[in-house]
Amino acid sequence: MLKVTRELNIPVSKQSRPLPYDVVALVLQGGGALGAYQAGVYEGLHEAGIRPNWLAGISIGALNAAIIAGSQEGERVQRLRAFWETICAFSIEWPAGEGLANALPFAFDITSIRNALAATRALVQGQPGFFKPRFPSPLWSPFSGNAATSFYDTAPLHQTLERFVDFDRLNSGEVRVSVGAVNVRTGNLVYFDTAERRLGPKHFMASGALPPGFPAVEIEGEHYWDGGVVSNTPLSRVLSGEPRDTLTFQIDLWSARGRVPYDMMEVSSRQKDIQYSSRTRTVTDQVLRMQKMRRALQRTIEKLSDADRGDPEIRDIAEMARERAYNIVHLIYQTKIHEGHSRDYEFGLSAMRAHWQSGLDDIRRTLADPRRLDPPSLELGIVTHDVHRRD
């Protein structure tokens, strides 16, 4: 049985209590530059002494998972910070950059302009340690393969992962890691999982290979794209496995709820929200049905004789029917008024730091109520908490 540990030398959690779960999972959605929000959430979990023992990610969530699982426990937050500072840096300063923007008084806030410039810079220049534009453009490329099927080269990301991730540690079994990608040939969503194989840089790059920007990644003769093409949230991977008492921190970067667009820019932004948002209710409804089935099996087994209940197959069924507790703490990044359709590729340092702080603030507010970590009642079996929900 997997155990959850809390360090006693963390000031925020001097007197920690054990969590009554077999699994503490961190589920990380895809969302490009918005992924810094997930890093902020992890910092808050870390300072509270909560150590997930299963990380499941898609796209940028997979990259964050690699940094966390591939770092020593005491260095995880610092490694995340260094990774994000690296991929959000820029080699050529544009007008109205960090220095000028920070020097202006509040009345002259140019956050939206600065973010738009960061997005434009990413499109034109790429991002250091992440991706660089192809020349010539794939639209005019005389070659085939990656040069003709993607606008950017992600070779820098391979080097960055090797720099920040200890893959021996990641594959040690200390933390389980699952990352989703889509098989380009079959169209099927697959998960690369440390419980089943050794993972390397290519598995995480495959999870984040969003077309047509990034090229498909070849692994063992098959080609893979970003898992978000099919499903952007790996919650089902965690909850559909072997039934165990599970506390899940699900960190989403896109909100399914939103207002009706009023112009074409908002149409693009809202489309992304809907396309990449999670289908949490579908997954939790399925878990509820499984819980009802377990109760029905329990009632049926109780009607059997002692001799029948001693049968090995009946004992196996009884174990499968045992009550399980599922607690989902669901955090969703809240889009700011100055952010538009390009927010997932606004890789500016100021935007990254704002996203990070939002995640840290949200998880601190969530954990301020300790009851959110309590298991649900046996009658219910599953509970979901969301600090942003407005009933």
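Helices (H or I, at least four residues) and strands (E, at least two) are taken as DSSP runs and numbered from the N terminus. The model is predicted, so local features need pLDDT of at least 70 and side-chain atom pairs count only at pLDDT 80 or more, while totals for chains, interfaces and linings use all residues. Residues are numbered from 1 along each chain as its sequence is written, and side-chain values use heavy atoms, without hydrogens and water.

The largest pocket holds about 1200 Å³ of space. On a 1 Å grid over the protein atoms alone, a pocket is an open set of points where a 1.4 Å probe fits, with protein on both sides within 12 Å along at least five of seven lines; lining residues have an atom within 4 Å of a point. Its lining comprises 43 residues, and Ser255, Ala256, Arg257, Gly258 and Ile332 lie nearest the centre. Two or more lining residues come from each of helix H11 (264–276), helix H12 (280–302), strand E10 (326–332) and strand E11 (382–385), with H12 giving the most, 6 residues.

The second largest pocket holds about 640 Å³. Among its 28 lining residues, Leu210, Gly213, Phe214, Asp344 and Tyr345 are the closest to its centre. Helix H2 (60–69), helix H5 (111–125) and H11 each give two or more residues to this lining.

H12 also packs against another helix: its axis and that of H14 (residues 312–320) come within 9 Å and cross at roughly 140 degrees, where axes are lines fitted to C-alpha atoms over the stretch in contact and angles run from 0 to 180 degrees between N-to-C directions. The contact (heavy atoms within 4.5 Å) involves Arg294, Leu297 and Ile301 of H12 and Ile314, Ile317, Ala318 and Met320 of H14.

Terms used. Grid points are joined across faces, edges and corners, and a volume is the space filled by probe spheres set on the points.
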